[in-house]
Amino acid sequence: MAHAGHDHDHIDSDPGPLYQEAWIQKLLRQIQTCLQTNSDWLGIDLSRPQRILDYACGNGTVSSALLPTFQNATFRGIDIATSQVRRYNEEATKLLGDPHHRMFAIQGDLYDPQPVLSEAEWSGFDAVIISFALHHTKDPVDMLTRLRRRVRPGGTIIVLDFLRHSPVTASLGHAGEEGQKYRAEHMIKLPQGMKIWPGFTMQDILSDMASAGCVDVDVREFPEPVEGPEELHGYGRIFIAKATGP
């Protein structure tokens with residue numbers, strides 16, 4: 001599972017045990033199926049070489065799902081945790097051989113970018129994807145803004161995450177007196193200690209991507225239900241959203 005959010009993960013964190021849980025294994029398969037069945041909708045050009053950023057790349061679930069379809073694409077992963085970077089690069093080796101230019105990840109954090117992230121290779125992407133990490137970030141709109149800045153003009157921003165049908169996050173309200181929609185006290189603390197947002201409604205992601213400067217936002221619901229532990233009650237579905245950078 002992809003991980004992000006400077007308040008929750010760090011360079012030495014290792015979510016490895018999560019991958020052993022049956023519901024996580026099923027969720028990862030669902031993420032891949034969702035991407036593959038919507039590949040012609042994503043706005044990624046099949047006819048020419050594409051550069052795709054897999055942010056909070058985790059073990060490579062997203063990149064490995066899209067590799068067979070986008071054979072002219074190169075995938076670059078960034079994750080805050082070195083353990084996840086290792087998993088991503090091990091998956092790339094398994095799929096493509098080592099070394100291989102098409103799929104490669106480094107340790108990094110857009111909230112504390114090291115000098116390498118200022119190099120041309122790490123900006124101007126044709127598409128950027130964040131999968132199941134937005135609910136970890138302190139300010140989802142700010143994260144989406146940072147991701148939008150990594151794509152070329154007219155590039156694509158893609159988000160996968162938990163969908164809520166109930167208006168829990170919507171009831172957090174529009175921007176309050178301080179102009180802030182997301183407030184830390186509305187995050188849910190999981191037994192593992194991390195804090196997450198209680199999912200996103202369709203309206204949440206539409207408005208958040210627009211607030212981040214994206215245009216032509218579109219959202220689809222993945223039909224299969226998600227099986228999660230009791231503390232994730234209400235995360236019933238997956239959504240996939242796409243938008244264009246101006």
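1. Two strands are taken to pair if DSSP finds at least two bridges between them. In this predicted model, 7 strands form an open sheet of mixed pairing, in the order E3-E2-E1-E4-E5-E9-E8. Strand E3 (103-107) and strand E8 (215-222) stand at the edges with a single partner strand each, so one side of each is left without a neighbour in the sheet. On average, and with direction ignored, neighbouring strands of this sheet are turned by 20° against each other.

2. Helix H3 (residues 82-96) lies across strand E1 (50-55), strand E2 (73-79) and E3, running at about 170° to E3, while H4 lies across E1, E4 and E5 and runs at about 145° to E5.

3. A search of the whole structure finds 2 aromatic pairs. Phe132 and Phe162 form an edge-to-face pair, 4.9 Å centre to centre with 85° between the planes; because Phe132 lies in the loop between strand E4 (125-131) and helix H4 (140-148) and Phe162 in strand E5 (residues 151-163), this pair ties together parts that are 30 residues apart in sequence. Both Phe132 and Phe162 are buried.

4. Phe200 and Phe239 also form an edge-to-face pair, at 6.4 Å centre to centre and 85° between the planes, where the pairing cut-off for ring centres is 6.5 Å. Phe200 lies in the loop between strand E7 (195-196) and helix H5 (202-211), and Phe239 in strand E9 (residues 237-244), 39 residues apart; Phe200 and Phe239 are buried.

5. Finally, the charged end of Arg51 sits over the ring of Phe125, 4.4 Å from the ring centre.

Technical notes
Residues numbered from 1 in each chain as written. Predicted model: local features only at pLDDT ≥ 70, side-chain atom pairs only at ≥ 80, totals over all residues. Heavy atoms only, no water. Phe/Tyr/Trp six-rings, centres within 6.5 Å; stacked < 30°, edge-to-face > 60°. Helix = DSSP H or I, 4+ residues; strand = E, 2+ residues; numbered from the N terminus. Buried < 20%, exposed > 50% of the residue type's maximum accessible area, 1.4 Å probe, protein only. Lys NZ or Arg CZ within 6 Å of the ring centre and 35° of its normal. Axes fitted to C-alpha atoms, helices over the stretch in contact; angles between N-to-C directions. Contact = heavy atoms within 4.5 Å.
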